[in-house]
Amino acid sequence: MEVFLGNIGRKLNREILQFAYNWQIIRPVGKPVVFQIELTNHCPMTCQMCPRTHAMERPLGYMSAETFRRIIDQATQGTSGVFMHHFGDSLLHPELRELIRYATDRGIRTYLSANPVLLTKQRIEALVDGGLHEIVLSLDGLTSETSQAVRGRAARNVELAERRVRELISYRKQRGSKSPYIILQIVRQKQNVHEIPAWLEKWQKVPGVDRVKVKSYVTWDGTQEEINSLRLDPSEIDSNLVCDKPWTSIVVLWDGRVVPCCFDYDGINSLGSLQEQSLTEIWHGERLAALREAHKKGNLSNIKLCANCTDKEGYPVKRLTYPLNRFTQSQSGIGDEWRQE
Ligand code: SF4
């Protein structure tokens, strides 16, 4: 009953925030929604399309279990699901199982994006037995050469990565569990585009892979030329679109700082810190209100994070047709599935 009421409350909260976004209300009354929690920004990969490889300067570290629990306790009223990563591979976190279990037991679904080569037996058990809802596994090439070109030396052994995907499938089956839902993903870019048809043909046939996905390329905050240059297609996002992120969710870095969205790899637009404030204080605070105001006015030239962003998401707002406009004109999500014209 408690879980049922919690779910209704979270759905209601989402509607309150969507209403505020459509009408561009600067101080919405809704509860905070946490989109991502960064368990760590450590990662052995050196992916060519990741700003962590080229430009991240902040210190490396792991989120403490105490901070994680505090976030979940403060987020449960507004958040129905949370991504357990940001700019690192959370499989490296020593308390991964306990953290997944803590969120799951409080009615929050957990999602994770990870590198399959890191799926040791112990980590596979943590994911399945901890109750992870969904995992996205990145296999960015059919061959070791391509995988290494995209994700660096740590991803050079494609056979090992593939074996570990199969071990996860096998353990999930052994435990009689349907979760985590397993998505195998390739990010479409210059180095791997030639292998995508064969990659799809191979993985679509593997029993236990619940979905295969070709993800559209994103350029994050758009400031890194090495990353911009790997994009195959121009962004189709309308540059006049008001980004919905300042109204709909926030991201927490491993050290407790809060940032507006999944593109803020270096914490350049900090909205506050959970070491000093509560989630609710930050959600209703001056910095986030100022960010909403800047987006509302289209005055982003002084906001480094957003000024060059070409991958924002949302829909045309201030429409009397609301909520129809939300469903009929919504833009595809950040890095969502790539669709051939
Ligand atoms: S405009 Fe881009 S960088 Fe800024 S909040 Fe939206 S998605 Fe994030």
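The structure is a predicted model, in which local features need pLDDT of at least 70 and side-chain atom pairs count only at pLDDT 80 or more, while totals for chains, interfaces and linings use all residues. Residue numbers start from 1 along each chain as its sequence is written.

The protein contains 14 helices and nine strands (DSSP runs numbered from the N terminus, with helices being H or I of at least four residues and strands E of at least two). Its radius of gyration is 20 Å, close to the 20 Å from the globule rule for 341 residues, so the protein is as compact as a globular protein of that length; the radius is taken over C-alpha atoms, and the rule is 2.2 Å times the number of residues to the power 0.38. The C-alpha trace spans about 50 × 45 × 40 Å along the principal axes. Of the 341 residues, 40% count as buried, a class that requires 20 or more other C-beta atoms within 10 Å of a residue's own, against 12 or fewer for exposed and values in between for partly exposed, with C-beta atoms placed from the backbone. Among contacts with a separation of 6 or more, 72% come from residues 24 or more positions apart; two residues are in contact when their C-beta atoms, placed from the backbone, lie within 7 Å.

Leaving aside residues up to four places away in sequence, isoleucine 37 touches Phe68, Ile71, Val82, Met84 and Val252.

Helix H5 (residues 121–130) has Arg123, Ala126, Leu127, Val128 and Gly130 as its buried residues, and their cover includes helix H4 (96–105), strand E4 (134–138) and helix H7 (158–174). Just after H5 comes glycine 131, with a positive phi of about 95°. In helix H6 (residues 144–151), the buried residues are Thr146, Ser147, Val150 and Arg151. These residues cover an arc of only 105° around the axis, which puts them on the same side of H6; the arc is that of the directions from the helix axis to the C-beta atoms. The buried residues of H6 pack against H7, and the helix is followed by glycine 152, with a positive phi near 90°. Within H7 itself sits glutamate 162, which counts as partly exposed because it has 18 C-beta neighbours inside 10 Å.

The ligand is surrounded by Asp221, Cys243, Lys245, Pro260, Cys261, Phe263, Leu305, Cys306, Cys309 and Lys312, where a residue is near a molecule if its C-beta atom, placed from the backbone, lies within 6 Å of it. This shell comprises seven nonpolar, no polar and three charged residues; Ala, Val, Leu, Ile, Met, Phe, Trp, Tyr, Cys and Pro count as nonpolar, Asp, Glu, Lys and Arg as charged, and the others, Gly among them, as polar.

Most residues other than glycine have a negative phi, and most peptide bonds are trans. Tryptophan 220, however, has a positive phi near 55°. Tryptophan 220 lies in the loop between strand E6 (211–215) and helix H9 (225–228) and counts as buried, with 27 C-beta neighbours inside 10 Å. Glutamine 24 likewise has a positive phi, of about 55°, although it is not a glycine. Glutamine 24 belongs to the loop between helix H1 (2–22) and strand E1 (34–37) and is partly exposed, with 15 other C-beta atoms within 10 Å.

Cis peptide bonds occur in loops as well. The bond from serine 179 to proline 180 is cis, with omega near 5°, and proline 180 lies in the loop between H7 and strand E5 (181–187). The bond from tyrosine 322 to proline 323 is cis too, with omega near 10°, and proline 323 is found between helix H13 (304–307) and helix H14 (324–328).
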